[in-house]
Structure formats: C-alpha cells, structure tokens
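Biologist: Before we discuss any details, could you put the sequence and the fold on the screen, so that we can go through them step by step?

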Amino acid sequence: MTERLYYDDPYLVEFTARILRRLQVGSQPGVILDRTAFYPNAGGQLPDRGTLNGVPVLDVQEIEGDIVHILASPLEGDEAKGHVDHDVRFDHMQQHTGQHILSTAFLDLLGAETVSFHMGEEISTIDLNRPDLSPEEVRRVEEAANAVVFADRPVTARIMSMEEAMTLGLRKPPAVSGAVRVVEVEGTDRSACGGTHCRRSGEVGPIVIRKWERRGNESRVEFLCGWRALRDYQWKNATINALANAFSVADRELADAIARLSAEAKENRRAVEELRQRLLDYEAAEWLARAESAGNWRVVCAAFEDKSAEEIKHLALRLCQTPGLVALLATRGEKAQLVFARAEDVPLDVGALLRETCQRFGGRGGGRPHIAQGGGFPAERLEEALAFARKHLHSQ
C-alpha cells in the first residue's frame with residue numbers, strides 16, 4: 001500500500017516516490033506511487049492539487065485501497081517528484097480543523113451532533129441532527145469556536161488501537177475497525193479522522209457561519225475558515241461601504257435606509273398601478289367611442305407599436321367589461337402578438353378565432369372562449385391578420 005506522508009507531516013509539499021503502477025481512469029492516465037504527500041478525496045475533505053514531474057495532478061482518488069493520482073498527461077520514467085500546492089493544502093487544513101472546532105461548539109452548547117461534513121471549493125457545510133437554530137444560538141456557537149482559535153491550542157494526531165481510542169470520549173465513534181487515527185484539539189475535541197489538520201488552532205483563522213437552513217429533521221450550516229473567511233469579509237465590507245456611500249448614510253444605518261427605500265418603492269408601485277388603471281379607463285373609453293358594428297356586436301380592432309402583450313391584454317379585458325363588445329388587439333414587435341377578448345354576453349369563442357388566425361399566418365396561440373393570446377408570425381402581416389379576424393366576425 002502507498003505510504004501516506006501527509007499523516008506524518010501535513011505541511012510536506014515536496015517528495016519523491018517510485019511509480020508502482022500505471023492505469024487509466026476514464027479518459028485520463030493515472031499512477032499509483034509507493035509513497036505520496038497528496039491527500040485523496042476522502043472523509044469530506046477535498047483532494048490536493050499539484051504536479052508530478054511537472055505534470056498537473058487533476059484529482060486524487062482512493063480506489064479499492066489504492067491512492068490513484070489522476071494526471072493531465074502520461075508520466076514518463078520510473079520515479080516521480082511530487083509538488084503539492086501549499087495554498088490549496090493549507091486551505092483544506094483550515095477548513096477541516098475549523099470544522100472539528102465548530103462541531104464541538106455545537107455539541108457542547110446546543111447538544112447538536114454533526115451527522116455529515118462536506119468541504120466545497122468555496123463553501124463548507126455541516127449537517128446537524130437538530131432542525132431549528134436561532135440567531136442567538138448560532139452567535140454563541142460562533143463566538144465559542146473563535147475563542148478556541150484565539151486560544152491557539154495545540155492540534156495533534158496519533159494512531160492508536162480501537163480499545164484505547166474508545167476510552168478517550170471521542171466526539172464521534174470511529175467508522176473503521178483496527179487501528180484508529182485520533183485528531184485532538186487540546187481541551188476541546190477528540191475525533192477519529194484521517195484528514196490533514198493545522199498544528200495549532202490559531203492557524204485556522206476566523207471561523208464564520210454564513211447561513212443555516214432547516215432540512216427535514218436536520219439543519220445545514222454553511223461556514224468559512226481562515227483565508228476564505230477573510231475574503232468573504234472583504235467583498236462584503238466593500239459592498240456595504242459602496243452602498244452606504246450611494247445612499248449617503250453610515251454603514252450601520254444601511255439596513256434602515258434600505259428598509260425605508262423599500263417601503264417607499266412599494267408605495268410608489270402602488271401609486272403607479274393606480275395611475276395605470278386610470279389610464280386604462282381613459283384608453284378604454286377612447287376606444288369604445290371608436291368601436292364599430294360587426295353584426296349584432298361592436299368591435300374594437302387596433303394594432304399598437306408601443307405596448308406589451310400584457311398591456312394590450314389588460315386593455316382588452318377592460319374593454320370587454322362593456323356588454324356586446326369584442327376586442328381584437330395586437331402589438332408589433334419582432335413578431336406579431338395578438339390578444340382577442342369578448343364580453344360575457346357575446347356567444348363567440350375567441351380562443352378558436354385566434355387559433356385559426358394564427359395558424360393562417362404561420363403563428364400559434366389559443367386560450368379560453370372569452371380571452372386568448374398568441375402570435376409569432378411576421379409583424380408586417382399584422383394588419384392582414386386583424387382584417388381576417390374582423391371579417392370572420394361579420395360571418396357569425
């Protein structure tokens with residue numbers, strides 16, 4: 001089996017090894033080495049990145065007990081010089097050690113156990129066996145976790161027998177049999193874990209809980225540690241300052257300013273809607289004055305250049321509040337759009353009429369007997385289509 005150098009020294013980024021076997025993983029070449037500092041994708045932790053003999057390592061997977069390095073191109077020779085990307089490795093160490101500290105804080109303060117952990121490229125999450133978390137509880141947990149960081153406690157890892165491990169009061173029982181690797185944050189957490197960790201809790205940097213949500217009988221908590229937390233703070237701080245400057249308020253007054261503007265915008269939308277309804281009344285009255293006879297009914301037939309399909313639909317419905325009226329309205333965009341409607345006392349299926357009209361001119365549409373919408377044919381045939389529909393009314 002491959003010797004796992006990261007167990008002895010998680011800060012090791014340069015090593016040499018012999019190539020034991022070459023294989024193909026999907027469409028990519030892979031190698032198995034006699035020793036490696038590359039951590040595979042396992043235990044919720046992301047795999048390392050880096051190079052072997054200058055060839056990029058795209059992924060590291062544990063397959064049937066072997067650590068397989070998946071490469072961008074085949075590796076030549078019998079030996080490999082490995083280089084692990086330090087920044088990626090240290091980021092993973094910060095997130096993983098931070099997770100141990102955070103999970104222990106949730107357990108100690110709220111009795112909430114971590115049932116799963118996932119480390120993402122940008123965000124990490126833990127799932128807790130508790131459905132509800134209050135903002136005050138989350139604040140307390142976050143502060144407790146950061147108190148461990150500021151205390152800069154030693155973090156150690158050692159392999160021991162199952163019997164010895166079970167006497168230590170582990171936060172979570174081991175998922176393996178035989179020898180167990182136990183990671184301890186002094187005075188805080190003991191857990192069976194095969195991941196890479198910081199030497200001291202201070203290296204984790206700030207631990208920030210971004211948000212949380214209920215998922216069935218559990219809660220999913222998003223968090224950031226170290227450099228990720230700092231970068232998250234930086235863009236949020238820049239955004240808050242930019243918004244505060246735009247609104248000419250202090251940053252602590254921003255939430256109140258936005259709430260005030262939101263209320264004003266809501267009132268403005270209400271006023272605009274009221275004015276729009278009044279305008280529709282005026283427009284409907286103007287078009288009713290122009291309505292022409294079509295057999296036993298009156299018809300308003302019009303094409304617009306500056307209205308949306310939704311606007312002419314509202315106008316058609318307003319017009320058809322008048323008994324005996326049929327509205328044949330259209331708007332011209334890249335394609336023609338039609339809205340046909342009729343009053344309740346008119347025995348006409350405008351859905352069928354619109355469908356027939358659209359099909360005749362290469363479009364499509366339909367609707368209910370009293371209101372229908374469609375189009376999609378060339379806009380230059382709009383007047384021709386309305387004339388066809390209007391002529392159809394005279395035949396009813």
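Biologist: What volume does the second largest pocket have?
Modeller: Please keep in mind that this is a predicted model, so every value I give is computed from it. The second largest pocket is lined by 14 residues, with P10, V155, A157, R181 and H197 nearest its centre. Its volume is about 170 Å³.

Biologist: Which elements give two or more residues to the lining of the second largest pocket?
Modeller: By class, this lining holds 8 nonpolar, 2 polar and 4 charged residues. If we look for the elements that give two or more residues to the lining of the second largest pocket, we find α1, β11 (155–160) and β12.

Biologist: What is the volume of the largest pocket?
Modeller: The lining of the largest pocket divides into 15 nonpolar, 10 polar and 5 charged residues. As for the space inside, the volume of the largest pocket is about 760 Å³.

Biologist: Which residues of the lining are the closest to the centre of the largest pocket?
Modeller: The largest pocket has a volume of about 760 Å³, and 30 residues line it. The elements that give two or more residues to this lining are α1 (5–8), α2 (86–110), β9 (114–119), β12 (180–185) and β13 (189–192). The lining residues closest to the centre of the largest pocket are G43, A175, A192, C193 and G194.

Biologist: Which element gives the most to the lining of the largest cavity?
Modeller: The largest cavity holds about 40 Å³ of space, and its lining is made of T156, A157, R158, V182 and E184. By class, these are 2 nonpolar, 1 polar and 2 charged residues. Both β11 and β12 supply at least two residues of this lining, but the element that gives the most, with 3 residues, is β11.

Biologist: Which strands stand at the edges of the open sheet of 6 strands?
Modeller: This open sheet has mixed pairing, and its strands follow the order β16-β17-β18-β19-β21-β20. Each edge strand has a single partner strand, so one side of it is left without a neighbour in the sheet, and the two strands in this position are β16 (292–294) and β20 (364–367).

Biologist: How many bridges join β17 to β18?
Modeller: Strand β17 covers residues 297–304 and strand β18 covers residues 325–332, and the two run parallel. Within this pair, V299 stands opposite V326 in β18. The number of bridges that join β17 to β18 is 7.

Biologist: Which residue of β21 stands opposite R364?
Modeller: A hairpin of 3 residues joins β20 to β21. The two strands pair in the antiparallel sense over 4 bridges. In β21, the residue opposite R364 is G375.

Biologist: Which elements are among those that cover the buried residues of helix α7?
Modeller: Helix α7 runs over residues 309–319, and its buried residues are A309, I312, L315, A316, R318 and L319. What covers these buried residues includes α6, β17, β18, β19 and β21.

Biologist: Is E137 buried or exposed?
Modeller: E137 is found in helix α3, which covers residues 135–151. Leaving out residues up to four places away in sequence, E137 touches L110, R130 and D132. Its relative accessible area is 17%, and the cut-off for a buried residue is under 20%, so E137 is buried.

Biologist: Where is N53 found, given that its phi is positive although it is not a glycine?
Modeller: The phi of N53 is about 55°. With a relative accessible area of 37%, N53 is partly exposed. N53 is found in the loop between β5 (50–52) and β6 (55–63).

Biologist: What is the relative accessible area of S248?
Modeller: S248 also has a positive phi, near 55°, and is a residue other than glycine. S248 lies in the loop between α5 (227–247) and α6 (254–289). S248 is exposed, and its relative accessible area is 66%.

Notes
Residues are numbered from 1 along each chain as its sequence is written. This is a predicted model: local features need pLDDT of at least 70, side-chain atom pairs count only at pLDDT 80 or more; totals for chains, interfaces and linings use all residues. Side-chain values use heavy atoms; hydrogens and water are left out. On a 1 Å grid over the protein atoms alone, a cavity is a set of points where a 1.4 Å probe fits but cannot get out, and a pocket is an open set with protein on both sides within 12 Å along at least five of seven lines; lining residues have an atom within 4 Å of a point. Grid points are joined across faces, edges and corners, and a volume is the space filled by probe spheres set on the points. Ala, Val, Leu, Ile, Met, Phe, Trp, Tyr, Cys and Pro count as nonpolar, Asp, Glu, Lys and Arg as charged, and the others, Gly among them, as polar. Two strands pair if DSSP finds at least two bridges between them. Buried means under 20% relative accessible area, exposed over 50%, partly exposed in between (1.4 Å probe, protein chains only). Contact means heavy atoms within 4.5 Å.
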